[in-house]
Amino acid sequence: MKDEVQELEKHFVMVYWEQRGAGKSYCKSECELSLDILINDTKELAQILCNQFSKDKIYIMGHSWGSLLGLMTVKKYPELFYAYFGIGQVTNQYEAEKSSLQWVTEQAKKNNDFSIVKKLSNLTLPSKNADVTIWDKYLRIHRKYLLKYGGSFHQKPNFWKIFKNFLFASEYTIKDKIKFIPSAVYSLKKLWFEVIDTNLFYEIKKIDVPVYIFQGKYDYQVSTELAKKFIEQLEAPKKEIFIFDNSAHSPNMEEYKDFNKRVKQLVAIQQSNKFCSFPPVLGGNAYES
C-alpha cells in the first residue's frame, strides 16, 4: 500500500498498529487474545502516542476487523480521540454473512456459472456458535467466490503489487514474513466468535466524538447497507458516511486518491472548527484478521 498511504504520510504521523498475536508479536505459544484485551491495548497505545507527541488526543482509523475494534474503543474511551474513521465498517457481521451468501449466489446465477451455483447451493451458513474449523472451511469457499464476483475487491486487485510491497518491506525480517499467514489464522481462531457475535446496533447507540465511515458500494465482505442503517441510528456530534462507487471492501486501496482527499478535508474542517488546534496524530489498526 505504499502509493496509497504516501499522501497521508505527508500530512499526518501515521501509526500502523500490529495488535498482539499479529506480525512481530506472533509466537507459537498461546497468548491471551479477546476483544476486551485489545480494546485496552488500543487505549494504552493511544495514551502512549499522546504522551510521545505531546497531544491531548489523536484520530483513530480502523479497517474491517479494525473498524469493530476501533469503534468499540472510541465508545469506551472517547476522551482520547478527536474523531473516528471506519473503513469497511463491521456492524452486525452475522447478518452481513447471510446477505453476502445470498448476493454471491445471485451473481453466480446472473453469470450462468452453473457449477458454482451448485457448489453454493450446498454451502450452508454455520450457526454463530459453530466450531471455528467449520467457519474456516465455510469462509475459504465463500471468500473465493466473493473475490471472483467483486464483493471484496470490485476492481481486479493487483496482488503482485500487494505482495511485492510486503515482500520488500524493510520493517520485517524474512522470519517475520514467514509468520504472516500463521498469525492471521491464529487471530481468526481466537477472535472470530466475538466478531460474529457482536452487534453494534445493540452495543453502540451513542458516540461522543465525530464518526466518519467509508464504504465501497460493492462491499459484501461486511455490508454497506448495514453500515448505512447503523450510522442513521447512531447519535454523535457529527456523523457522515461516504460511498465509493468503484470499490468494495477497501476504498482506501481501490480509490485511494479520493479516500485520502476526503480524510484530509475532514481533518481540516475539524481543525477550523477548533476540535484541535494543531496537526493531529492519526492512529490506525492496520491489521486485519
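Trainee: Which residue forms a salt bridge with Arg-20?

Mentor: Let's start with the ground rules: this is a predicted model, in which local features need pLDDT of at least 70, side-chain atom pairs count only at pLDDT 80 or more, and totals for chains, interfaces and linings use all residues. Residues are numbered from 1 along each chain as its sequence is written, and side-chain values use heavy atoms, with hydrogens and water left out. A salt bridge is a side-chain nitrogen of Lys or Arg within 4 Å of a carboxyl oxygen of Asp or Glu. With its closest N and O atoms 2.7 Å apart, the partner of Arg-20 is Asp-41.

Trainee: Is Asp-41 buried or exposed?

Mentor: Buried means under 20% relative accessible area, exposed over 50%, and partly exposed in between (1.4 Å probe, protein chains only). Asp-41 has a relative accessible area of 14%, so the word for Asp-41 is buried.

Trainee: Which residues are linked with Glu-7 in a network of salt bridges?

Mentor: Lys-10 counts as exposed because its relative accessibility is 65%, and Glu-7 at 25% counts as partly exposed. The residues linked with Glu-7 are Lys-10 and Lys-264.

Trainee: What is the handedness of the crossing of helix 2 and helix 3?

Mentor: Axes are lines fitted to C-alpha atoms, for helices over the stretch in contact, and angles run from 0 to 180 degrees between N-to-C directions. The axes of helix 2 and helix 3 (residues 65-76) come within 9 Å and cross at roughly 70 degrees. A crossing is left-handed if the near helix is turned anticlockwise from the far one by less than a right angle, and right-handed if clockwise. For helix 2 and helix 3, the crossing is right-handed.

Trainee: How many nonpolar residues are in the contact of helix 2 with helix 3?

Mentor: Contact means heavy atoms within 4.5 Å. By class, Ala, Val, Leu, Ile, Met, Phe, Trp, Tyr, Cys and Pro count as nonpolar, Asp, Glu, Lys and Arg as charged, and the others, Gly among them, as polar. Leu-35, Leu-38, Ile-39, Thr-42 and Lys-43 in helix 2 meet Trp-65, Leu-69, Met-72, Thr-73 and Lys-76 in helix 3. This contact has 2 polar and 2 charged residues, and its nonpolar count is 6.

Trainee: Are helix 4 and helix 6 oblique or roughly parallel to each other?

Mentor: Angles under 35 degrees count as roughly parallel, over 145 as roughly antiparallel, 65 to 115 as roughly perpendicular and the rest as oblique. The axes of helix 4 (residues 93-110) and helix 6 (residues 132-148) come within 10 Å and cross at roughly 50 degrees. Helix 4 passes helix 6 in a left-handed crossing. The two helices are therefore oblique.

Trainee: Which residues of helix 9 does helix 4 meet?

Mentor: Helix 4 and helix 9 (residues 180-197) pack at about 85 degrees, with axes 6 Å apart, and are therefore roughly perpendicular. On the helix 4 side, the contact uses Gln-93, Tyr-94 and Glu-97. On the helix 9 side, the residues are Trp-192, Val-195 and Ile-196.

Trainee: What is the phi of Ser-54 near?

Mentor: Ser-54 lies in the loop between helix 2 and strand 2 (58-63). With a relative accessible area of 65%, Ser-54 is exposed. Its phi is positive in a residue other than glycine, with a value near 55 degrees.

Conventions:
Helices (H or I, at least four residues) and strands (E, at least two) are DSSP runs, numbered from the N terminus.
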